[in-house]
Amino acid sequence: MSDKTSSGEPFGHNPFGHLSSAGLPPGPSVSEQPEPPRKSRGRVDIIRNTAGCGGKTVTVVTNFVGIGLPEKEKLAKEIQKTCGTGGTVKDGRIEIQGDKREEVARILTKAGFRPVFAGG
């Protein structure tokens, strides 16, 4: 077995090895790119609830200010997908099956909200 390809060039040959970057402007470094300021979208309460659910635990997110039903439904879908559980939007609040407070808080923080664990 030979150490050459069918075209006669050795393996490991870099086709871009003869190119030069002379005359090209330097690319932006990671530290130069400013991060856009995050606007807080307000406080939301995360509550663990078992009442009225047949004894099952439900994570409830309430007190959304300034967002409509379509955005709540989109946020609920993202939470359900990330947590791998079911859920719904009911009476202006998001209900997720199971005790998923930590995961929900992480998703809401990423979305610009300030989650607060309320209740016991």
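**View 1. Strands S2 and S4 pair in the antiparallel sense.** In this predicted model, S2 covers residues 58–62 and S4 covers residues 93–97. Four bridges join the two strands. At one of these bridges, valine 61 has isoleucine 94 of S4 as its partner.

**View 2. S3 and S4 form a hairpin.** Strand S3, residues 87–90, is antiparallel to S4. This pairing also has four bridges. Glycine 87 is bridged to isoleucine 96 in S4. Two residues lie between the strands. In the turn, aspartate 91 has a positive phi of about 55°.

**View 3. The largest nonpolar core has 16 residues.** Those with the most contacts inside this core are Val61, Phe64, Leu75, Ile79, Ile94, Leu108 and Phe113. Strand S1 (43–49), helix H1 (69–83), S4 and helix H2 (101–110) each supply at least two core residues. In soluble globular proteins, nonpolar side chains tend to be buried together.

**View 4. Leucine 108 and its contacts.** Neighbours within four places in sequence are left aside here. Leucine 108 then touches Val44, Ile46, Val61, Phe64, Leu75, Phe113 and Pro115.

**View 5. Helix H1 has a buried side and a face turned away from it.** Lys72, Leu75, Ala76, Ile79, Gln80 and Cys83 of H1 are buried. Seen down the helix axis, the buried residues fall within an arc of 140°, so they line one face of H1. Their cover includes S3, S4 and H2. The face turned away carries the exposed residues Pro70, Lys74, Lys77 and Lys81.

**View 6. Glycine 84 follows H1.** The phi of glycine 84 is positive, near 70°.

Key
Residues are numbered from 1 along each chain as its sequence is written. This is a predicted model: local features need pLDDT of at least 70, side-chain atom pairs count only at pLDDT 80 or more; totals for chains, interfaces and linings use all residues. Side-chain values use heavy atoms; hydrogens and water are left out. Two strands pair if DSSP finds at least two bridges between them. A nonpolar core is a set of buried Ala, Val, Leu, Ile, Met, Phe, Trp, Tyr and Cys residues joined through side-chain atoms within 4.5 Å. Buried means under 20% relative accessible area, exposed over 50%, partly exposed in between (1.4 Å probe, protein chains only). Contact means heavy atoms within 4.5 Å. The arc is that of the directions from the helix axis to the C-beta atoms.
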